[in-house]
Amino acid sequence: MGEARRLQRLDSLGGERARFRELIGKVGSGEHTSTGLSRDEARDAMDLMLQGRVSDAQMGAFLIAHRIRRPLPLELAGMLDSYRQHGPVLRTPGRRALCFGVPYDGRSRTAPLLPLVALMLASTGVPVVLHGGEPMPVKYGVTLAELFAAIGIDWRQLPLEELQRRLDSHQLALTHQPLHFPAAERLVPARDEIGKRPPVASLELLWTPHRGEHLLVSGFVHPPTEKRAWEALAAAGETEVLTVKGLEGSTDLPTSRAGITARLRRGQPERLLLHPRDHGLHGEETPWQSLEEWRQQALEALTGKGPLAGALVWNLGALLWLADQFESLETALDQARALLAARSGERLRQMLAR
């Protein structure tokens, strides 16, 4: 009788919700009995969530169960497959882009550098692709879109076609999840209610809307997270990857300690420790105070002044070198200083702010 009732209940759920219930069972069976999902199953689970074909209760159950058990690299690869299918797409034909993945829940303790680094890189002709969203659980920190808007560049209402045009003409674009990836935005209420970062938060560090040749730069905090990212990205066909143990999980290299990075080439990681002290750029991190305070610091830094200027030189030079633009870090740092002195990033900011 029990089996008959179970089958009847599954039938009443409908085919897709019944299928999703089976997937929840696989990720939520516990440490010793969980079998994990295959790549195809992980892709199917993410497809169903992005398409809104599961209940809120099912979505929350899947996300928190997967959070507790931790996603396997192959599962993350399957989820990446789904994001690539459903998400926005930007291209840079014939040019290798730098694509950054940082936590969507933002920054709350240290002053961010990535918007300034992105402007500087783009001003040299290197295409830069970013992505983000609105303030996100669990930290609700300041977001990339808010930071850019503070210095006059608002990406949040621009259609995807305009983003592609700006990428073509100015080498810089940021996709904003509520407008450009509404399917993924469906998951935000469940993320808010479960109160913990789900596997999707890891996925956002690995995914990029860019299609074509690129170097994917991904932030991380814990070494196991980095190793899982390497394996997932290798399975997903990403051959050029840079992982950075940056400030608050971002890709911002610290100036108060050695920068821990790894360059993944054709599946083989090479650990690289970068010491700002060796280049006269050691210093305490600039604390986050407010968006208005950051705006003043950011505008100063783009002209080579203020508390963020040294950190901007360090990050820009390191990325120019790690992205194979220069043969030595010292030469790349010299170029970073020259670019700031020439105000190349500030000129680009003014063009994009019009």
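Predicted model: local features only at pLDDT ≥ 70, side-chain atom pairs only at ≥ 80, totals over all residues.
**Stop one: two helices.** Select residues 15-27, helix α2, together with residues 39-50, helix α3, whose axes come within 10 Å and cross at roughly 130°. Helices here are DSSP runs of H or I with at least four residues, strands are runs of E with at least two, and both are numbered from the N terminus; the axes are lines fitted to C-alpha atoms, for helices over the stretch in contact, with angles from 0 to 180 degrees between N-to-C directions. That angle makes α2 oblique to α3, a word for what remains once angles under 35 degrees count as roughly parallel, over 145 as roughly antiparallel and 65 to 115 as roughly perpendicular.

Now show the side chains of E16, R19, F20, L23 and K26 on α2, and of E41, D44, A45, L48 and M49 on α3, which make the contact (heavy atoms within 4.5 Å).

**Stop two: a tilted ring pair.** Rings of Phe, Tyr and Trp (its six-membered ring) pair if their centres lie within 6.5 Å, and planes under 30 degrees apart count as stacked, over 60 as edge-to-face and the rest as tilted. F20 lies in helix α2 and F62 in helix α4 (residues 56-69), so the pair ties together parts that are 42 residues apart in sequence. F20 is buried, with a relative accessible area of 0%, and F62 is also counted as buried, at 2%; buried means under 20%, exposed over 50% and partly exposed in between, with a 1.4 Å probe and protein chains only.

**Stop three: an edge-to-face pair.** Move to Y83 and W207, whose rings are edge-to-face at 5.6 Å centre to centre, with 80° between the planes. Y83 is in helix α5 (residues 73-86) and W207 in the loop between α12 (199-206) and β5 (210-211), 124 residues apart.

**Last stop: a loop glycine.** Select G267, in the loop between β8 (259-265) and β9 (268-274), where this residue is partly exposed at 39% relative accessible area.

Definitions and conventions
Residues numbered from 1 in each chain as written. Heavy atoms only, no water.
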